[in-house]
Structure formats: structure tokens, C-alpha cells
Amino acid sequence: MASSDVPVEKCMDFYSYSFRPDILKNKVAFITGGGSGICFKIAEIFMRHGCDVAIAGRKIDRLQLSAQTLSSATGQNCLPIQMDVRKPQDVIIAIDKCLEKFERIDILVNGAAGNFLCPLESMSFNAFKTVIEIDTLGTYNVSKVVYDKYFKNNGGVIINITAVLHYRGTTLQAHVGTAKAGIEFLTRHQAMEWGSKGVRVLCVAPGPIWDTEGMSRLGGGISYEALSKEVPVRRLGTKQEIGEVCLFLATDMAGFISGTSVIVDGGHWMSDGRDEARLEMYRAFTSKM
């Protein structure tokens with residue numbers, strides 16, 4: 001792909017700090033999927049708080065462009081690393097490159113993911129397997145290598161990016177919901193087995209985040225206003241909000257939180273989308289009394 005064809009991620013023009021700007025000073029984060037979307041924004045917010053970052057993914061052109069953008073905006077180091085989370089040898093080489101550059105990893109964000117809309121009856125064996133390999137096995141592969149090479153002796157924080165699709169079951173998303181459910185339960189086992197080594201492991205489960213490629217590709221053309229009505233807080237989330245939740249979880253303020261999922265969706269997973277209809281029915285009924 002020519003560099004002119006690479007999608008360009010943008011950093012924020014203005015950022016208001018809720019935490020100390022140096023709260024992650026001298027820390028290093030390794031972020032899979034960090035070249036775009038939510039994980040790009042996680043990288044930006046970490047870097048704005050003094051963290052150096054390695055972003056890893058399959059598309060090196062995108063990673064290099066994103067790394068330049070992030071470093072220019074924040075003044076921190078950002079190392080782009082080409083890697084396929086499905087291939088353990090790729091992961092080993094990538095983690096070695098990160099450690100060679102920064103000599104440490106304090107935070108791992110597992111954000112690499114695959115998604116598409118498909119009914120189960122039309123889904124091929126390979127399509128289902130591919131999403132499991134990227135999401136669930138990829139999370140295991142990267143976590144395992146980072147643990148073996150650094151966290152086992154130094155501790156650290158693992159943040160696994162999941163979803164809320166599997167809480168109620170979601171049409172056309174069985175492959176992704178299954179993969180995310182696997183990550184969520186892997187998180188609990190990791191937290192139990194690695195906690196004694198100083199490793200905290202958590203899930204962050206975003207709900208509907210409007211300003212993402214996933215929403216534009218998978219949202220089915222629904223408008224912001226229509227989807228907002230299905231969310232109890234009556235709006236959609238932002239990538240920045242996901243990044244700032246991850247920031248909190250990576251700090252000592254969250255030092256006693258491990259083995260759980262933080263749902264960041266405005267309460268959307270609890271809603272069946274009929275809240276407004278029920279209110280209208282109630283108003284119509286009471287107006288006749």
C-alpha cells in the first residue's frame with residue numbers, strides 16, 4: 001500500500017488533564033492494534049502522561065505513520081513493530097525489539113481484533129476460526145511472551161480489550177462474542193495465576209463508540225441519534241473515554257483491581273432498545289386517566 005493510501009489517525013488538538021501529566025513517567029506500554037482506532041487513542045493518552053509506547057500490528061505503513069503522529073503530538077517515543085499476534089514467533093521477536101529499545105514493559109494492552117457481520121448459518125469454518133485466532137489466541141500469545149520475558153520477574157499490568165457482545169448475545173456477532181468471552185475468562189485465570197508475581201490483569205469492554213472504523217463498518221447505517229436512544233446515558237462513547245479508563249487502570253490508583261471487567265458503554269448492554277417506546281406507552285396511558 002502506498003503511503004498516501006494509508007488511513008491517517010489524528011491526535012487531539014487539545015487535551016484536558018484529569019490526572020498528573022507525568023503519572024506514567026518512565027513507564028513503557030506495548031499495545032497491539034495501536035496503529036489505529038481505540039488503541040491508537042489509548043497510546044496517545046498514555047504518551048500524554050509520560051509513557052513511551054510500542055505499537056504493534058500487521059500493517060507497517062500504518063504503524064510507522066501513526067508512530068510519527070503520536071511522537072510529534074506528545075514528545076514521547078513510539079516504536080512501530082510489525083507483528084501478527086497469531087504467530088508466536090512473530091510475538092517473541094516483537095517483544096525482544098521492544099525490550100531492546102526500552103529495556104522494560106510495564107503495561108500490555110491487548111487490542112488486536114478482527115470483526116465483520118455474518119449470520120452463523122453463513123459463516124465458514126475458517127472465518128470463525130480466524131477471529132478466535134486473532135482475538136483469543138492472540139491475547140494469550142502476547143500475554144504469555146510478555147509474562148515470560150518481563151512480567152514474571154518485574155510485575156506489570158495487562159489490559160485486554162473485549163466487548164459486551166456476549167453478555168446478551170448479539171445477532172451477526174457470534175464469532176466475535178465467543179472470542180471476547182474467551183478473553184474475559186482467560187483474564188480471570190491470568191489474574192489468579194500471575195497475581196503473586198505482581199501482575200494485575202483486567203478487561204476493558206467498550207460499548208458503542210461513535211468515532212471508530214468499527215462503528216462505520218458494522219453499525220448498519222444507524223444514526224447517532226437513533227443509537228443514542230438505546231443507551232441509558234443517551235449518548236455514545238468516545239475513544240478518549242476508553243483511553244482514560246485504561247489510563248486509570250494502569251496506574252497505582254487501581255492497584256487493588258484485578259481479574260475483572262470494566263464495562264464502558266453507558267449502560268447499553270442492559271438495554272433492549274425499547275426504553276423510549278415504553279415511556280411513550282406510559283405517557284399515552286397516563287394521559288387518558
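## A tour that starts with the salt bridges

Eleven salt bridges turn up here, a salt bridge being a side-chain nitrogen of Lys or Arg within 4 Å of a carboxyl oxygen of Asp or Glu. You're looking at a predicted model, where local features need pLDDT of at least 70 and side-chain atom pairs count only at pLDDT 80 or more, while totals for chains, interfaces and linings use all residues. Residues are numbered from 1 along each chain as its sequence is written, and side-chain values use heavy atoms, with hydrogens and water left out.

**Stop 1: charged pairs**

Select Lys41 and Glu44. Their closest N and O atoms are 2.8 Å apart, in a salt bridge. The two sit three residues apart in helix α1, so about one helical turn separates them. (Helices are DSSP runs of H or I, at least four residues; strands are runs of E, at least two; both are numbered from the N terminus.) Lys41 is buried at 7% relative accessible area, and Glu44 is buried at 0%. Buried means under 20% relative accessible area, exposed over 50%, and partly exposed in between, using a 1.4 Å probe and protein chains only.

Now pick Lys180 and Asp135, whose side chains form a salt bridge at 3.0 Å, N to O. This pair ties together distant parts of the chain: Lys180 is in helix α6 (residues 174-194) and Asp135 in helix α4, 45 residues apart. Both Lys180 and Asp135 are buried.

**Stop 2**

Switch to cartoon view. Seven strands make an open sheet, in the order β3-β2-β1-β4-β5-β6-β7, with parallel pairing; two strands pair if DSSP finds at least two bridges between them. Which strands stand at the edges? They are β3 (78-82) and β7 (261-264), each with a single partner strand, so one side of each has no neighbour in the sheet. From one strand to the next, the twist averages 20 degrees. Axes here are lines fitted to C-alpha atoms, for helices over the stretch in contact, and angles run from 0 to 180 degrees between N-to-C directions.

Zoom in on β4 and β5, which pair in the parallel sense over four bridges. Asn110 has Asn160 in β5 as its bridge partner. Then show α1, which packs on the sheet and touches β1, β2, β3, β4, β5 and β6; contact means heavy atoms within 4.5 Å. The direction of α1 makes about 175 degrees with that of β1.

**Stop 3: the nonpolar cores**

A nonpolar core is a set of buried Ala, Val, Leu, Ile, Met, Phe, Trp, Tyr and Cys residues joined through side-chain atoms within 4.5 Å. The largest one has 37 residues, and those with the most contacts inside it are Ile31, Ile42, Phe46, Val53 and Ile159. Its largest share, eight residues, comes from α1. Click Phe46: leaving aside neighbours within four places in sequence, its contacts include Leu24, Ile31, Val53, Val109 and Leu247.

A second, separate core of 28 residues includes Ala54, Tyr150, Trp194 and Val199. Beyond residues up to four places away in sequence, Val199 touches several others, among them Tyr147, Phe151, Ile158 and Trp194.
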